[in-house]
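This report is meant to be read alongside the sequence and the 3D view. Please have both open before going on.

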Amino acid sequence: MTDAIYPQVRIVSARFLRPDTVERLLNRIIQVGGIRRMSLNGQNLPATVPYGPARGKPNPHPDRKAIRVGDQEVQLRVQVGTIILELEDESYIPAIGEAVDEVFADKDFSCIVQKGRYMKTQPTLSDYAKYGPDADSEILGLVDPRRKDGPVIIQGTK
Amino acid sequence: MAYKPQYGPGTSNVAANRRKQMDPNQKLEKMRDVTDEDIVLILGHRAPGAAYPTAHPPLAEQQEPDCPIRKIVTPTDGAKAGDRIRYIQFADSMFFAPSQPYQRTYTECYRFRGIDPGTLSGRQIVECRERDLEKYSKELINTELLDPARTGIRGATVHGHSLRLAENGMMFDMLQRSVLGEDGIVRYVKNQIGEPLDRAVPIGKPLDEKWLKAHTTIFHSLGGTPYRDDAEYIEYVQRIHTLRTKYGFLPME
């Protein structure tokens, strides 16, 4: 769970982003530093068709691919539309705004940075019922804690 | 004086586009030329060139009961041959797609025979005999009712009409049935339920923003024609709302 002392920002673009744009944006943002946690939100791109007459068939999608952020490989599972960041302190927010403007300067649509509270601060009753008492509180509310692959840790930003 | 349908209220451009689509006397602008075979591939109900499977023997071969209605109504080609009932379903983006579910249903009811449309918030399905369906689908796909980027032919997993567009201007589709190629042409690589096709079916270039805004049937307060600007439309809707409400409480008024 997040601690209320850490500020959070949300990067929202007017269009869903292509993986190469996400890669460029994330690499630019981590140069700013001061990021504790990050979550990529968007529409799910499942590996197989989840329902309907074609259920179970493979669902190849060009946007479902691995991108390289810092020294780590990140497998995208969504079409990224929103990026939520938890920062060390508020002093990083203007620099993040500049980084976003820089990446989107040559695009014909806009992207905004909003400050607010976007991560869960305490588990709900439903979380308890779904994931039990031992769920990893670091990622609760961001991703499904039952997923076997844990978070990607990008090092060397400090 | 003979009754002349008005098709809809409104003084705005959007209202005029709606009337144009609904009025069967107005010819819809032809935008692209998708062949019969390609349409059969996108629909995915039968293999191209295969015979139409039937649900019952042709009408000419079976004994019809003596029914006055059957004497008045001429059966459509599909009904005459006893075809199965099959469907086509569309999802239209809220970002100035040329049509939208309610509009599609009105348009089809005015223009086509022997159909059963189903209207939902984000998708519109039309069911009819297979032979008729292919004829109607050709009209729905080849005319200005469809934009390759902002309209999706989606039998299942329709989600996307209310979402942001992708960076290249395509409406979100979890199954990525249509792909915008490097040459700017949209191709269907899967049929409407998401099964891969043997070959990609091109359906043309996406229409530009200016054309879409001039031909849309969707009121949109961000960048388009706001609903509030069309006073006549509002007056008409308020009148129907008032009459419905009053009738519920005071049927004599």
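## Model and confidence

This is a predicted model, in which local features need pLDDT of at least 70, side-chain atom pairs count only at pLDDT 80 or more, and totals for chains, interfaces and linings use all residues. Residues are numbered from 1 along each chain as its sequence is written, chains are lettered from A and ligands numbered from 1 in the order in which they are written, and side-chain values use heavy atoms, with hydrogens and water left out.

Chain A has a mean pLDDT of 89 (the predictor's confidence in each residue, from 0 to 100), and 96% of its residues reach 70 or more. Where pLDDT is low, the predicted coordinates should not be read in detail.

## Contact between chains A and B

Chain A brings 28 residues and chain B 20 residues to the contact (heavy atoms within 4.5 Å). About 1900 Å² is buried between the two chains, 55% of it from carbon and sulfur atoms; this is the accessible area (1.4 Å probe) that the two parts lose on being put together, summed over both. Of the area that chain A buries against chain B, 31% is supplied by Arg15(A), Phe16(A) and Gln43(A), more than by any other three residues.

Across this interface there are 3 salt bridges (a side-chain nitrogen of Lys or Arg within 4 Å of a carboxyl oxygen of Asp or Glu). One of them joins Lys107(A) to Glu167(B), with the closest N and O atoms 3.1 Å apart. On the side of chain A that touches chain B, strands E1 (8-13), E2 (35-44) and E5 (78-87) of chain A each give two or more residues. The largest share, 3 residues, comes from E5(A).

## Two residues with positive phi

Most residues other than glycine have a negative phi. Phe96(B) has a phi near 60° and lies in the loop between strand E1 (85-92) and helix H5 (101-111) of chain B. Phe96(B) is buried, at 4% relative accessible area (buried means under 20%, exposed over 50%, partly exposed in between; 1.4 Å probe, protein chains only).

Thr157(B) has a phi near 55°. Its loop runs between strand E4 (151-153) and strand E5 (178-180) of chain B, and Thr157(B) is buried, with a relative accessible area of 5%.

Conventions:
Helices (H or I, at least four residues) and strands (E, at least two) are DSSP runs, numbered from the N terminus.
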